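Q: Could you take me through the side-chain pairings in this protein, with a close look at the charged and aromatic ones? I would be glad of one connected walk through them.

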Amino acid sequence: MKEKDHIAGAVLHWFDQHGRKDLPWQKQRTPYRVWVSEIMLQQTQVSTVIPFYERFMAQLPTVEDLAAAAEDTVLHLWTGLGYYARARNLHRCAKQVCDAHDGVFPQDLTGLQALPGIGRSTAGAILSLAMDTRAPILDGNVKRVLARYHGVAGWPGQRAVSDALWSHAQHHTPRARVADYTQAIMDLGAMCCTRSRPACELCPLNSGCTARALGQQSDFPGRKPRKEIPLRKRWLAVATRAPGEVLLQKRPDSGIWGGLWAPPEFDEAEGATEWIANTLSLSPDVCQIDAAFLHAFTHFKLEAHSVRAHLGANRALGNRVECAAGSLKWFSLHPPPSVGLPAPIVRLLARLSAETALRSD
């Protein structure tokens, strides 16, 4: 049999010598633990995921624990990982597994893919890694290995390219040692067949690799067509009060920062100052507009200004305010709130905490 027809043997031999075997989700391997790791690893590096995964598992060790947890608890544990729709889908999925499947994950592709946030590759990973069932995967690392090895040109986001890669993934997935093979081909992409400067001399597939033979490793897989990334400007109404609290609003479940807590957001500075004046009975003149901070999302860049107002101890408002735009709540700055917060808001609150500490000295 030609190497092109079957690569599993070479990949497994390499894995036995060089593969990663001590990752947290490889221990006490269950469908729940594998599933959480796969969701966290989407568009996120292993080194970044590990501490988040360990904290998450320490607090929510079972699917029942996750299903019963408050959304704010789940989003707080996710704070800093980004792509928060993953966390919301994770929570929804856990509830569905418990409500519709008695806490047991389906053991087939169709059943798994019917759950929120689980696509074909994640379902394949759960089946192969946790249930030792033959099912291909096609995450970013595997796409890169197969695109280079077989010379599959084009961006994997295109249907024809994706179909070709899935066909190769299906063909190469063995029936024996399927869990090891699945981990092995992911490791190969992460450790050897890297996006830049691939270590071709160490790769077990180098003799049959089309991209290497052409000297065009950087051309495979094809890159997503570039679009100009737009810049959005926003103004955040940042209200603080003595002795050290900040007023935050829970955002709607859909959209950027869905379900997270953040200062109310406006398209213009005047909108933020008027909101502060109307909501907190303060003069717009007390508002201070800070220099912008920048944050990059996948599809746009955010330039945000804090419109600041501080209430003295004699201006105690209710601990919770309801308004048409959503729920508002005062949170302590030290310690920081144990709810879901966008990463730039975490940094903003840290600055506010330091300032209020100085103000109280």
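A: Let's start with Arg-177, which is partly exposed because its relative accessible area is 35% (buried means under 20% relative accessible area, exposed over 50%, partly exposed in between, with a 1.4 Å probe and protein chains only). The side chains of Arg-177 and Asp-180 meet in a salt bridge at 2.9 Å, N to O (a side-chain nitrogen of Lys or Arg within 4 Å of a carboxyl oxygen of Asp or Glu). By this rule the count comes to 12 salt bridges.

A word on the basis: this is a predicted model, in which local features need pLDDT of at least 70 and side-chain atom pairs count only at pLDDT 80 or more, while totals for chains, interfaces and linings use all residues. Residues are numbered from 1 along each chain as its sequence is written, and side-chain values use heavy atoms, with hydrogens and water left out.

Another of the salt bridges joins Asp-267 and Arg-234, at 3.5 Å from N to O. Asp-267 lies in the loop between β4 (265-266) and α13 (269-280), and Arg-234 in strand β1 (residues 231-241), so this pair ties together parts that are 33 residues apart in sequence (helices, H or I, of at least four residues and strands, E, of at least two are DSSP runs, numbered from the N terminus). Both residues belong to a network of salt bridges that links Arg-234, Arg-251, Glu-265 and Asp-267.

Now to Asp-290, which forms a salt bridge with Arg-308, the closest N and O atoms being 2.6 Å apart. Since Asp-290 lies in the loop between β5 (288-289) and β6 (293-296) and Arg-308 in strand β7 (residues 301-311), the pair ties together parts that are 18 residues apart in sequence. Asp-290 and Arg-308 are both buried.

The rings come next. A pair of aromatic rings is described by the distance of the centres and the angle of the planes. A search of the whole structure finds eight aromatic pairs (rings of Phe, Tyr and Trp, the last by its six-membered ring, pair if their centres lie within 6.5 Å; planes under 30 degrees apart count as stacked, over 60 as edge-to-face and the rest as tilted). One of them, Trp-257 with Phe-297, is tilted, at 5.8 Å centre to centre and 55 degrees between the planes. Trp-257 lies in the loop between β2 (245-250) and β3 (261-262) and Phe-297 in the loop between β6 and β7, so parts that are 40 residues apart in sequence are tied together by the pair. Trp-257 is buried, with a relative accessible area of 7%, and Phe-297 is buried at 18%. Phe-297 also pairs with Phe-300: their centres are 4.6 Å apart and their planes at 25 degrees, so this pair is stacked. Phe-297 and Phe-300 are both buried. Elsewhere, ring pairs link Tyr-32, Trp-35 and Phe-105 into a cluster.

Finally, charge and ring come together. The charged end of Arg-55 sits over the ring of Phe-52, 4.9 Å from its centre (NZ of Lys or CZ of Arg within 6 Å of the ring centre and within 35 degrees of the ring normal). Arg-120 lies over the face of Trp-166, at 3.8 Å from the ring centre.
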